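Here is a friendly walk through one chain, meant to be read with the model open beside you. Please take a look at it first, and then we can go through its helices and strands together.

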Amino acid sequence: MPIAPSSGLQLDRYDAEAIADRYRRMPLRVWWRGLGIFIPMFMLYLRMWWDAKMGRSAQMAQKRAQEIRQLLTKLGPAFIKIGQALSTRPDILPPVYMNELAQLQDQLPAFPNEIAFQFIREELGADPLEIYAEISPNAIAAASLGQVYKGKLHTGEKVAIKVQRPDIAEGIALDMYVLRGLAAWAKQNFKFIRSNLVGILDQFASRIFEEMDYIHEGQNAEKFARFYSQQPGIYVPLIYWQFTAKRVLTMEWVDGVKLTDLDRIGSLGFDSREIIGVGVECSLRQLLDRGFFHADPHPGNLLVMNDGKLAYLDFGMMSHVEADQRYGLIESIVHLVNRDYEALARDYVRLGFLDPGVDLDGISPALAKVFNESLDVGVAQMSFKNITDQLSQIMYDYPFEVPAYYALIIRSLVTLEGIALAVDPSFKVLSLAYPYVANRILTDRSPELRNALKDLLFSDGAFRWTRLENLLRNAKSNQDYNLRETIDQVTDFLLSDRGEYMRDRLVDELVKGIEVATAQRLPKSFRKMANTKEPGNASQPATDTSFDRLAAIWSILQQDRQLQPLDIVPIAGRILMKPETQEMGRNVLSQLAQRALARIIREMVLRDEREAASKSASKTSARSIPLATGAANPAPVGKHLSRQVNGRSW
């Protein structure tokens with residue numbers, strides 16, 4: 001006998017007003033569920049209040065965090081999802097609670113096969129055994145929103161069949177209605193709550209409703225494949241649309257090993273560290289290139305296939321980062337590397353973390369305190385988790401409001417780093433991330449990243465050659481690195497209107513370098529006239545080593561096997577033919593000529609002064625010698641006077 005699952009609520013997307021209209025007419029049901037939520041939460045609140053009254057909040061924080069995790073698991077799917085979302089919200093929870101909620105498991109007992117098979121009949125129009133050649137007698141996995149069966153199509157392909165839980169939309173909609181009411185009440189009565197809890201709940205509910213629409217998930221999978229499956233080492237399973245509907249998803253079955261099963265991966269002959277590197281690279285492309293990213297890359301959703309490729313599964317929770325947000329994130333990395341914490345604080349305003357009217361005076365020193373020690377060991381050696389934990393405390397202490405997209409980014413990267421550390425405790429995600437960022441900064445044509453390159457290479461008006469060397473070295477280790485493209489795009493920017501500032505500074509650097517290089521090859525007498533420092537002088541300014549820096553950069557470029565020596569000729573010719581290059585050359589020659597002329601004039605004036613001083617000293621000396629003494633030698637007196645004329649030592 002078929003079972004008729006109730007489906008009183010029919011919504012294609014989350015609609016807070018429609019849900020409110022429905023449940024206002026069901027006060028008893030709302031109150032019953034509200035009490036089921038409120039009473040255990042209130043009892044937990046009383047325990048935490050007593051801890052604070054007794055002065056033991058810090059000692060009991062870990063225990064209370066565990067109680068919250070257990071309570072959310074007991075309250076059901078919506079609360080499990082909420083807990084997972086809160087684990088990435090440092091503006092709402094302190095770090096100890098975030099870390100505990102990050103352990104929430106998105107797993108529940110399976111529901112009866114009869115209900116699952118009826119959903120398949122209702123959605124696909126036929127009995128499961130008619131649609132599929134084979135289907136497993138029981139679910140092989142069950143999560144909060146649905147469960148999965150293994151099957152085979154009549155054409156022979158192995159498939160995974162995901163079926164939605166019964167009444168899931170009804171239950172989540174009711175929970176969201178109750179929680180919205182509690183959130184509005186809490187926001188009004190607890191002044192320490194800075195975040196817009198109702199808005200956060202609405203964003204979160206929208207994502208859950210998207211996850212419950214398997215057509216939307218299938219579209220996400222195909223979009224993900226279109227963007228990222230061309231990357232070597234990445235695989236995305238196929239969607240079988242003729243067997244997919246809103247509550248049933250049929251996709252290609254992927255045989256593989258969990259990324260954290262190191263022994264089995266090793267037995268297949270693959271290096272887990274290299275595969276993790278592929279995953280990190282893919283995540284960076286998602287976040288900083290396309291902006292469309294997988295927000296739930298836990299070990300169950302990442303499988304190592306028999307051919308060594310990394311397969312992504314479960315595309316229900318996806319998110320998008322807009323272009324200006326992506327560029328803002330990269331610029332914030334540049335400001336972090338420069339230790340420009342005032343600019344970094346302004347980046348947080350631009351990215352939506354801080355209200356434009358917030359006083360940033362206290363935030364910049366707090367950021368400096370977090371990052372300075374980590375930067376001393378180098379960007380590539382920084383632990384993303386440690387930095388995130390420290391930032392979380394700042395965001396909790398100061399008036400930050402974390403945007404939804406950033407919370408999902410943090411969840412994605414922290415999860416990925418956790419997997420990486422399980423593979424190799426010494427693994428540093430940022431050591432792989434920085435080469436990608438370096439390559440983007442060198443090759444991206446966007447105005448935002450061209451300005452970021454300028455900010456990175458110039459500090460206090462001086463050109464930072466070491467940073468250019470580091471960018472090139474790091475970019476070379478990125479698989480997308482292309483020296484021709486790097487040279488083309490950097491020179492295009494340098495020779496554009498927006499690169500005028502860089503051209504002016506480079507002209508100054510070249511003039512100084514030519515003067516130093518020339519002076520070092522002159523005899524000492526000429527070097528003295530040129531008024532330059534002697535080679536090896538410790539007081540020689542850093543700008544005097546410009547040609548040494550150029551030589552180091554040239555050495556880096558020569559190591560690139562994509563570029564042969566003869567390839568330099570057309571590139572150099574194209575650059576030299578640019579009017580801006582020729583103008584730079586004229587400016588270099590003009591400045592060299594002006595400086596040389598100034599030195600000649602100065603030397604002539606000083607020589608006249610020396611001669612006049614010498615004559616004056618000779619006359620004075622002659623008058624001061626007693627005639628009766630005869631031929632006394634006046635040279636020491638004349639020499640002494642000539643060395644002191646005009647306060648100079650000649």
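## Helices that meet α8

Pro77, Ala78, Phe79 and Ile82 in α4 meet Ile168, Ile172, Asp175, Met176 and Leu179 in α8; contact here means heavy atoms within 4.5 Å. Helices (H or I, at least four residues) and strands (E, at least two) are DSSP runs, numbered from the N terminus. Before going further, please note that this is a predicted model, in which local features need pLDDT of at least 70 and side-chain atom pairs count only at pLDDT 80 or more, while totals for chains, interfaces and linings use all residues. Residues are numbered from 1 along each chain as its sequence is written, and side-chain values use heavy atoms, with hydrogens and water left out.

Helix α4 covers residues 77-86, and its axis lies 9 Å from that of α8 at an angle of about 60°. That angle makes α4 oblique to α8. The residues of this contact divide into 8 nonpolar, no polar and 1 charged. In this count, Ala, Val, Leu, Ile, Met, Phe, Trp, Tyr, Cys and Pro are nonpolar, Asp, Glu, Lys and Arg are charged, and the others, Gly among them, are polar.

How does α1 pack against α8, and at what angle? Helix α1 (residues 16-24) and helix α8 (residues 168-189) pack at about 90°, with their axes 10 Å apart. This makes α1 roughly perpendicular to α8. On the α1 side the contact is made by Ala16, Ile19, Ala20, Arg22, Tyr23 and Arg24, and on the α8 side by Glu170, Ala173, Leu174, Tyr177 and Arg180. Here the residues divide into 7 nonpolar, no polar and 4 charged.

Axes are lines fitted to C-alpha atoms, for helices over the stretch in contact, and angles run from 0 to 180 degrees between N-to-C directions. Angles under 35 degrees count as roughly parallel, over 145 as roughly antiparallel, 65 to 115 as roughly perpendicular and the rest as oblique.

Two strands pair if DSSP finds at least two bridges between them. The table gathers four of these pairs.

| Pair | Sense | Bridges | Residues opposite each other |
|---|---|---|---|
| β1 (residues 134-135) and β3 | antiparallel | 2 bridges | isoleucine 135 and glycine 151 |
| β2 (residues 141-142) and β3 | antiparallel | 2 bridges | alanine 141 and valine 148 |
| β3 (residues 146-152) and β4 | antiparallel | 7 bridges | tyrosine 149 and isoleucine 161 |

A hairpin of 3 residues joins β2 to β3. β3 and β4 form a hairpin as well, with 5 residues between them, and glycine 156 in that turn has a positive phi of about 105°.

Buried means under 20% relative accessible area, exposed over 50%, and partly exposed in between (1.4 Å probe, protein chains only).

β7 pairs with β9 (residues 302-305) in the antiparallel sense over 3 bridges, and valine 257 stands opposite valine 304 in β9.

Isoleucine 234 is found in β5 and counts as buried at 2% relative accessibility. Not counting residues up to four places away in sequence, isoleucine 234 touches Tyr228, Ser229, Val278, Cys282, Lys309, Leu310 and Tyr312. Its C-alpha atom is separated by 5.5 Å from that of lysine 309, 75 residues apart along the chain.

Arginine 64 is found in helix α3 (residues 57-75). It is buried, with a relative accessible area of 6%. Arginine 64 touches Leu44, Arg47, Met48, Asp51 and Tyr97, again leaving out residues up to four places away in sequence.

The chain holds 27 helices and 13 strands, and 46% of its 650 residues count as buried.
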